[in-house]
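Reader: Please walk me through how to read charged contacts and strand pairing in a model. Keep it brisk.

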Amino acid sequence: MEKSIDFVVDAYLLEDLPNFYLNHTSPIGKLPYPDAETSGEDDDDEEVEDGTTNPAAGDGDGEDRLSALPDILCQHIVSFLPSTDARRTAFLSRRWRFMWCACPSFTFDERDFHGRPPPLLQWYRSRQNFIRFVDESLDFRRRFFNDLTVDKFKISMRFVDEVAPRLHSWIAFALERNVKELSIVAEMKDLIAIAEFFHPFRVPYTLPQSVFTAKSIQCLELVFCDLASAAAAAVQLPRLKNLDLINVHVTDSIFASILSASPLLEKINLSLVCGLERIHISCHNLKMLVIFKCSPLEEITVKSPNIESFLFRGKRHNPDKIDISSCRKLKFLWLQRASNLTDDILEKTALHNPNLEIMILSHCSGLRNAVVNSPNLWMFVLFKCKHLASAKIEAPTLRAFEYSGHMITFPSMISSPQMDAIIHMDGPEICSRWFHRLKQMCSRFDHCRTLWIRCEHETDLIIPHELRKRLLPQLKCLGELKIHVRRGGAVKNLAQLEDGVRWIFPGLKNLYVEADGSTHHFRYDGGEGPRGDLVGPTWRKCRDFIKQERDRF
């Protein structure tokens, strides 16, 4: 992802727990916590081993709310903690001593046992500690709560051949307890640079066949795994809804078998997958499809009738043939390096998907004269389409538009009067033709609520006096303009820049000039006071939304 569209907003939503947990007790009743003789530890409920007061107990003046929670809610709370932190809750009290191993979720990450970076001589010891910790945790579960199911099981570690039997046994533990969410991350990258010198190549982990016949799995995430040796005819994943394959090796036949054996699939994420050449997807329930830099991918055909989000990024100089002509319910479309995207395909895609709300086109070299007619589109981004000459946009609900690249023409721009537009201009050769095209482009955004122009140098926007009569009429509707100068340090000719911009837009009420980390605000008749954030509320909403979509895959 290029830096200029690498959105930086982090949005993580934390939903409130359902009231069900607060009003009902655990369906398994009182957990059979082991006594002191079984566990080999003392039964002091109010003090931990070091003699300090238990924070879970009341202080005598208030109510002990933590101990009053039902078991199922306590397990739910602990399930959000990493396994190492979850185990530390055993020191709260006797009731909490084995609460961590009754949780429905297990997350084991080898990086929690290493320093950053770990010393070479301590790496082997920390790995053994990690393996021992996982073995003991699963052994506690077998001894005391073997009848409970496991909803989520995630294991993340650097893979070497010696740990393959352990990985097999840990996966078998989860499958035997009808796991719903399974995540296997067998990292190939060494955790320390010096280890890469001795081990420059890692063989990917070969996933056991039992994973492909687990009828309880609903979410499956595989990272750095080899799926090519799986038996295609034996794949049975009837409840699978989310499939994430990242840095895996899989063949066309295996992937086709997974799709045909998973009728409930709603989300597919293929990132850096090796071995796929042709992808044909027709899952009826599919809502979201992500394809990111897979090789040697040549053809993608999507015929899922209910798909709403499609995100694709191809590899440089790799001609990918994408067919989404059968899609009719797209709401989110992101195409990057889609070399076969032509003007005709783009126009038909917009017409066939009237519910389209967000469209991002990046490095699509096949576009020449783009035409977008979409009644519900509210965000549109055109980024570095090097052969693009013009863009005709008819979207009455469009409220966020961004363009980056060389100067192009906009024959038509029908949008919402509340639209915020951002224009990133490449460095031009200053001449009279440049200023004529600049004024012509700005005329299409004269009715925006806010226009943000990002240019290379301040001279790009300083119109010479001898050319101004030839560039009449002026643009008098724009009320707020923001200028960002990327190079040259501080603005040296601020007065000339203001004069040139004010000549183009005499109706301005607020002008912001940002360069070298400082912002100059010019307020005219009817203008508002300075604002701390130059990004409008519409763009903040857009970037929040896009970041959330990116976080999902």
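Author: What follows takes salt bridges, then a sheet.
This is a predicted model, where local features need pLDDT of at least 70 and side-chain atom pairs count only at pLDDT 80 or more, while totals for chains, interfaces and linings use all residues. Residues are numbered from 1 along each chain as its sequence is written, and side-chain values use heavy atoms, with hydrogens and water left out.

Reader: How many salt bridges does the structure hold?

Author: Side chains of opposite charge can pair when their charged atoms come close. The criterion here is a side-chain nitrogen of Lys or Arg within 4 Å of a carboxyl oxygen of Asp or Glu. The structure holds 15 salt bridges.

Reader: Which residue forms a salt bridge with arginine 127?

Author: Glutamate 110, with the closest N and O atoms 3.1 Å apart. This pair links distant parts of the chain, 17 residues apart. Arginine 127 sits in helix H6 (residues 120-144), and glutamate 110 lies in the loop between strand S1 (105-109) and H6. Helices (H or I, at least four residues) and strands (E, at least two) are DSSP runs, numbered from the N terminus.

Reader: Is arginine 127 buried or exposed?

Author: Buried means under 20% relative accessible area, exposed over 50%, and partly exposed in between (1.4 Å probe, protein chains only). Arginine 127 has 3% relative accessibility, so it counts as buried. Glutamate 110 is buried too, at 1%.

Reader: Where do the partners of the salt bridge between arginine 278 and glutamate 298 lie?

Author: Their closest N and O atoms are 3.6 Å apart. Arginine 278 is in strand S9 (residues 278-281); glutamate 298 is in the loop between strand S10 (288-292) and strand S11 (299-302), 20 residues apart. Arginine 278 is partly exposed at 41%, and glutamate 298 is partly exposed at 39%.

Reader: What does glutamate 394 meet in a salt bridge?

Author: Lysine 392, at 3.8 Å, N to O. Lysine 392 is partly exposed at 34%. Glutamate 394 is partly exposed at 24%.

Reader: In what order do the three strands of the open sheet lie?

Author: Strands of a sheet pair through backbone hydrogen bonds, either parallel or antiparallel. Two strands pair if DSSP finds at least two bridges between them. Here the order is S16-S18-S20, with parallel pairing. Strand S16 (369-373) and strand S20 (413-414) stand at the edges with a single partner strand each, so one side of each has no neighbour in the sheet.

Reader: How many bridges join S18 to S20?

Author: Two bridges join strand S18 (residues 390-394) to S20. Glutamate 394 has isoleucine 414 in S20 as its bridge partner.
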